[in-house]
Amino acid sequence: MARCRAAAKDWGRDVADITLVAVSKTFGREEILPVLEAGQRVFGENRVQEAQGKWPELRQLYPDIELHLIGPLQSNKAADAVALFDVIETIDREKIAAALAKEMEKQGKAPRLLVQVNTGAEPQKAGVLPGETSAFVELCRKKYGLAIEGLMCIPPFEENPGPHFALLRKLAGELALEVLSMGMSADFETAIELGATHVRVGSAIFGQR
Ligand SMILES: *Cc1c(COP(=O)(O)O)cnc(C)c1O
């Protein structure tokens, strides 16, 4: 958090506009509790099932926890995801949009929603392609009534992330979307420079996985 604050100051950003999402995947209650005790409330998990195993209990202790799903979602897990998460960052295909819309209606719950963009067009990576983002966001809005708040990306591991963050910001700007989830332990300072509203930081907080 101190590094986030410093980066915000360096780049002339208001620290209140940047949310630190502490990525607790693979870590258990013993490692998460001290981070909660330190005051952190926003956490990210990449697997629905793993999150179900630890967060309901931690939420009883800290009811104001905000949980983000940052990993790929399968449509058969949509019900569990809607029940557990406050923010789902990884909508990337129509089937998921449809499954989430149905579950949100059924459960009367409305997690906040982001679309994942595959900025590097990597074949193995989830996310809509940059050129398809606008049409996909429109589809989510018009056909499924989903209030998409922003975009998320994971740049290619071996590349300079800056151009990917800049591309995500440009796409969000064209769609008047305010939330930009980008930047991890290795590059969150660059992401803050380039407009991130949410940085997803795991190992810099919890240590190596
Ligand atoms: C694991 C993960 C992170 C955090 O990665 P670190 O390098 O540990 O900070 C961020 N975003 C996503 C989508 C992840 O899966």
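This is a predicted model: local features need pLDDT of at least 70, side-chain atom pairs count only at pLDDT 80 or more; totals for chains, interfaces and linings use all residues.

User: Which residues does helix α5 cover, and what span should it have?

Analyst: Helix α5 covers residues 94-107, which is 14 residues. At 1.5 Å a residue it should span 20 Å, and its end C-alpha atoms are 20 Å apart, so the two values agree.

User: Which residues of α5 are buried?

Analyst: The buried residues of α5 are Ile96, Ala97, Ala99, Leu100, Ala101, Glu103 and Met104.

User: Let me ask about Leu146. Where is it found?

Analyst: Leu146 is found in the loop that runs between α6 and β6 (148-153).

User: Is Leu146 buried or exposed?

Analyst: Leu146 has a relative accessible area of 3%. The cut-off for buried is under 20%, so Leu146 counts as buried.

User: What does Leu146 touch, leaving out residues up to four places away in sequence?

Analyst: Leu146 touches Ala97, Ala101, Met104, Leu113, Cys140 and Arg141. Ala97, Ala101 and Met104 are among the buried residues of α5. Leu146 and Ala97 are 49 residues apart in sequence, and their C-alpha atoms are 7.8 Å apart in space.

User: How accessible is Ala121?

Analyst: Ala121 has 46% relative accessibility and therefore counts as partly exposed.

User: What about Ala176, and where does it lie?

Analyst: Ala176 lies in the loop between α7 (162-174) and β7. Phi of Ala176 is also positive, near 55°, in a residue other than glycine. Ala176 is exposed, with a relative accessible area of 65%.

User: Let us move to the loop between β7 and α8. Is Met182 buried or exposed there?

Analyst: Met182 lies in that loop. Met182 is buried, because its relative accessible area is 0%.

User: Which residues does Met182 touch, again leaving out those up to four places away?

Analyst: Met182 touches Cys153, Phe165, Leu168, Ala191, Leu194, Gly195, Ala196, His198, Val199 and Arg200. Phe165 is 17 residues from Met182 along the chain, and their C-alpha atoms are separated by 6.8 Å.

User: And Ala186, is that one buried or exposed?

Analyst: Ala186 lies in the loop between β7 (179-181) and α8 (188-193). With 78% relative accessibility, Ala186 counts as exposed. Ala186 and Ser203 are 17 residues apart in sequence, with 9.0 Å between their C-alpha atoms.

User: Could we look at a strand residue? Where does Val42 lie?

Analyst: Val42 lies in strand β2, which covers residues 42-45. At 13% relative accessibility, Val42 counts as buried. Leaving out residues up to four places away in sequence, Val42 touches Thr19, Leu20, Val21, Ala22, Glu66 and His68.

User: Let us step back to the whole protein. How many helices and strands are there?

Analyst: The protein has nine helices and eight strands. Its C-alpha atoms fill a box of roughly 45 × 40 × 30 Å along the principal axes.

User: How does the radius of gyration compare with a compact globule?

Analyst: A compact globule of 209 residues would have a radius of gyration near 17 Å, and the protein has 16 Å, so the values agree.

User: Finally, what share of contacts joins residues 24 or more positions apart, and where do the charges stand?

Analyst: Among contacts with a separation of 6 or more, 57% join residues 24 or more positions apart. The protein has 25 positive and 29 negative charges, and their mean positions are 3 Å apart.

Notes. Residues are numbered from 1 along each chain as its sequence is written. Side-chain values use heavy atoms; hydrogens and water are left out. Helices (H or I, at least four residues) and strands (E, at least two) are DSSP runs, numbered from the N terminus. The radius of gyration is taken over C-alpha atoms; the globule rule is 2.2 Å times the number of residues to the power 0.38. Contact means heavy atoms within 4.5 Å. Lys and Arg count as positive and Asp and Glu as negative; His and the chain ends are not counted. The place of a charge is taken as NZ of Lys, CZ of Arg, CG of Asp or CD of Glu. The expected span of a helix is 1.5 Å times one less than its number of residues. Buried means under 20% relative accessible area, exposed over 50%, partly exposed in between (1.4 Å probe, protein chains only).
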